[in-house]
There are 2 protein chains.
Amino acid sequence: MPLIRAWLDSANRPDGGFPLNNLPLGVFTANGAPRCGVAIGDQILDATGLEQAGLLELNATLVLDHPGWNKLMGLGPKAWAALRAQLTALLREGAPAQDRVAPFLHPIDGAQMHMPFTVAEFTDFYASRHHATNVGTMFRGAENALPPNWLHIPIGYNGRASSVVVSGTPVRRPWGQVKGPDDAQPRFAPSARFDLELELGAIVGQPSDGPVTVADADQMIFGYVLLNDWSARDIQAWEYQPLGPFQSKATATSVSPWIVMSAALAPFRTPTREVPLLPHLQERGPMLYDIALHVDLTPQDGQPVTIARTNYREMYYSSAQQLAHHTTSGCPMRVGDLLGSGTISGPTKDSRGSLLELSWGGKEPLQTGGITRSFLEDGDTITLHGGAQGDGYRIGFGTCAGTLLPALPDPYAR
Amino acid sequence: MPLIRAWLDSANRPDGGFPLNNLPLGVFTANGAPRCGVAIGDQILDATGLEQAGLLELNATLVLDHPGWNKLMGLGPKAWAALRAQLTALLREGAPAQDRVAPFLHPIDGAQMHMPFTVAEFTDFYASRHHATNVGTMFRGAENALPPNWLHIPIGYNGRASSVVVSGTPVRRPWGQVKGPDDAQPRFAPSARFDLELELGAIVGQPSDGPVTVADADQMIFGYVLLNDWSARDIQAWEYQPLGPFQSKATATSVSPWIVMSAALAPFRTPTREVPLLPHLQERGPMLYDIALHVDLTPQDGQPVTIARTNYREMYYSSAQQLAHHTTSGCPMRVGDLLGSGTISGPTKDSRGSLLELSWGGKEPLQTGGITRSFLEDGDTITLHGGAQGDGYRIGFGTCAGTLLPALPDPYAR
């Protein structure tokens with residue numbers, strides 16, 4: 001699919017990220033209360049205002065009257081397609097409505113972005129073979145790196161929806177109970193091994209009330225965001241047996257402010273399956289996407305340094321497979337459920353999506369671009385970038401950024 | 001504290017469970033739409049109707065206009081106390097309002113009960129030392145039974161709020177991926193080791209946005225329900241390494257329809273700590289409760305057989321400690337969060353709160369009252385009972401029941 005030209009010049013730039021082919025959805029404040037917006041070029045189109053003015057018609061009653069896209073998701077794929085079709089008609093080069101639409105544009109620069117949807121529940125997966133092998137080797141040795149179930153089901157765990165924040169929200173270094181291998185007793189201390197995880201988040205846009213196939217699951221996914229699942233590795237190492245990560249993952253999970261709809265990513269589908277799966281997890285078509293990703297670390301008062309480059313096509317399980325697996329037990333899924341892909345690591349050393357891997361558990365500190373890091377330092381800003389490269393255009397995700405603030409004094413000191 | 005006598009005779013029966021000392025909160029349908037109700041004797045008091053009629057005043061605007069108690073919870077402990085004080089004044093023996101209140105009573109028999117609150121997020125813990133030792137011995141051997149962290153932090157994992165259902169809702173035997181020790185490959189099959197877990201659920205009634213102390217956590221807990229965390233042991237055994245239980249716990253979790261407020265349980269507090277904890281988890285007073293519990297199994301077309309009797313005071317960690325631990329990382333807690341205590345097992349064989357333990361993983365099938373069970377059979381109904389025995393009265397929880405329906409045909413067969 002070629003570039004769909006818009007009457008906004010900034011939307012036609014080949015590397016801009018927000019062409020008419022993309023139309024990602026966010027919630028913004030330009031002036032007044034937060035409202036639904038669509039990124040186009042260097043502008044945000046006020047979709048709430050457009051709907052109120054009668055220029056968008058998504059349903060018999062207003063859909064965008066709340067600052068979040070859950071209500072549109074709940075209307076289903078026909079409404080999703082209608083939104084894209086109507087926005088395309090309004091913004092297309094030569095569109096007759098140009099003069100009526102133009103007043104609803106606001107510069108992205110200067111707008112404040114909010115959570116683009118209400119997270120119903122958050123599930124995080126562990127679906128990159130490279131990541132699972134790296135982490136497993138460090139935690140359990142090379143021989144037991146990949147758990148026996150790993151090649152047969154997408155391993156995941158339930159996370160904490162209340163801790164999901166939008167890009168730009170600072171993250172406070174947490175305290176927690178830790179016990180080093182040489183410690184006689186555990187102690188309560190600020191996490192000394194605080195880490196990022198480069199992930200993609202899939203947003204469930206339709207509910208289910210029983211097992212769904214991979215094909216149906218694929219249709220239920222409304223769109224994707226960049227996701228940083230901040231992780232306290234020292235807390236995790238002490239707590240995770242036998243019931244999995246808990247407080248180590250509950251400080252915050254950051255997401256990018258723009259939901260890139262599945263429809264915008266359709267031209268970038270790509271298969272990667274290596275080993276056949278049981279029927280309930282088999283894909284009938286390619287369900288991963290070719291999305292180039294990179295992570296920048298910006299030290300306090302410093303310049304950004306790219307610490308990892310990878311691609312979402314490196315994943316072993318797609319979000320559709322993860323969602324299908326999530327429903328096998330009859331688990332009801334709801335509009336607004338967020339599924340983290342799991343850390344996206346590639347095969348090479350510089351394509352690892354966490355400092356845990358990049359510094360090999362701190363044993364081989366990462367040295368690049370003038371910085372040395374085992375884990376994150378106070379004041380570090382982590383920024384995730386992602387996009388799919390089309391022919392003369394790019395489907396950009398915007399960025400997902402967060403700055404690590406120093407730990408507060410002991411919250412339990414008397 | 002002695003019995004507070006009500007003008008309803010049925011509320012003054014020593015073993016009735018719903019005296020004026022209790023006042024548990026539910027959502028019911030007698031005729032018309034679901035509304036908030038309070039159990040008293042053998043009646044439900046229509047609290048929504050009382051408030052609309054001006055006989056209850058909880059806030060400047062209506063609080064009980066939605067069928068769920070979350071809005072009252074959000075108002076905080078003063079409003080919780082005001083509700084109890086006003087209900088007590090209305091229902092007390094000799095209360096002048098008796099004639100005006102009586103029309104708002106409906107028999108419990110025949111009323112349909114609904115979820116008493118909206119579950120924000122669901123967390124399940126693992127806080128009975130006996131249960132953890134039993135399960136650990138079966139899964140990892142006696143020497144590694146209790147994980148090294150177990151005596152230092154309340155181990156928990158995030159569950160799935162969407163799967164929480166009210167007592168009476170049937171539960172469908174799930175399918176899932178399983179692999180027996182002798183299987184060369186995993187297979188997709190109905191769970192053959194479907195189990196119950198006897199638990200108490202604590203309901204978070206006030207939000208937090210940073211670490212809270214155990215004392216503050218205790219004040220945030222609005223009340224308690226009985227909770228059955230249905231568990232597919234064969235799915236769990238295959239999936240739980242390394243990130244914990246996932247689909248094995250996502251079919252359903254049943255809760256009793258009445259929230260017993262913390263205030264009603266205050267006379268039954270009891271301490272049990274054995275080993276000192278780090279300061280952030282230390283209790284300043286007794287925070288467990290003396291609540292007698294038992295589990296009945298009723299085979300299809302059969303009579304109830306009591307398969308376990310235990311007490312909540314057997315727990316190693318209180319809900320307040322679990323909630324405090326839940327916040328250590330900064331994890332935001334929200335009104336309506338539900339914390340499962342973990343399976344409540346006592347020291348004796350007949351006080352184990354799951355069939356996994358009662359049948360020792362199926363190796364020693366439970367034989368009692370004419371039934372033989374390793375795990376649940378289709379048509380079995382599990383009913384949890386619980387109550388705290390006072391002087392001349394009982395704080396009852398009502399029951400938490402669910403019937404296991406047979407698995408559906410393979411949902412992925414083509």
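Two strands pair if DSSP finds at least two bridges between them. Helices (H or I, at least four residues) and strands (E, at least two) are DSSP runs, numbered from the N terminus.

The model is predicted: local features need pLDDT of at least 70, side-chain atom pairs count only at pLDDT 80 or more, and totals for chains, interfaces and linings use all residues. Residues are numbered from 1 along each chain as its sequence is written, chains are lettered from A and ligands numbered from 1 in the order in which they are written, and side-chain values use heavy atoms, with hydrogens and water left out.

**View 1. Chain A as a whole.** Chain A holds ten helices and 26 strands. Its C-alpha trace spans about 75 × 50 × 40 Å along the principal axes. Of the 414 residues in chain A, 63% are buried (buried means under 20% relative accessible area, exposed over 50%, partly exposed in between, with a 1.4 Å probe and protein chains only). Among contacts in chain A between residues at least 6 apart in sequence, 71% join residues at least 24 apart, where contact means heavy atoms within 4.5 Å.

**View 2. Surface and charge of chain A.** The accessible surface of chain A is about 14,700 Å², and carbon and sulfur atoms account for 51% of that area. Areas come from the Shrake-Rupley method with a 1.4 Å probe; for residues, only the protein chains shown count as cover. Chain A carries 30 positive and 39 negative side chains, with the centres of the two sets 2 Å apart. Lys and Arg count as positive and Asp and Glu as negative, while His and the chain ends are not counted. The place of a charge is NZ of Lys, CZ of Arg, CG of Asp or CD of Glu.

**View 3. The five-stranded open sheet of chain B.** The strand order is E9-E26-E25-E20-E21 in chain B, with mixed pairing. Strand E9 (171–172) and strand E21 (305–311) of chain B are the edges, each pairing on one side only. E9(B) runs parallel to strand E26 (residues 394–405) of chain B, with two bridges between them. B:Arg172 has B:Leu405 in E26(B) as its bridge partner.

**View 4. Strand E25 of chain B and its neighbours.** Strand E25 (residues 381–389) of chain B is largely enclosed by the rest of the structure, because eight of its nine residues are buried. Strand E20 (residues 292–298) of chain B pairs antiparallel with E25(B) over seven bridges, and B:Leu293 lies opposite B:Gly386 in E25(B). E25(B) is also joined to E26(B) by eight antiparallel bridges, where B:His385 is partnered by B:Thr399 of E26(B). Four residues separate E25(B) and E26(B) in their hairpin, and B:Gly392 in the turn has a positive phi of about 90 degrees.

**View 5. Strand E1 of chain B.** All five residues of strand E1 (residues 25–29) of chain B are buried. B:Leu25, B:Val27 and B:Thr29 point one way from E1(B), and B:Gly26 and B:Phe28 point the other way. Strand E2 (residues 35–40) of chain B runs antiparallel to E1(B) and is joined to it by four bridges, with B:Arg35 in E2(B) as the bridge partner of B:Phe28. The hairpin of E1(B) and E2(B) has five residues between the strands, among them B:Gly32 with a positive phi near 90 degrees. E1(B) also pairs antiparallel with strand E5 (residues 112–114) of chain B over three bridges, and B:Met113 in E5(B) is the bridge partner of B:Phe28 there.
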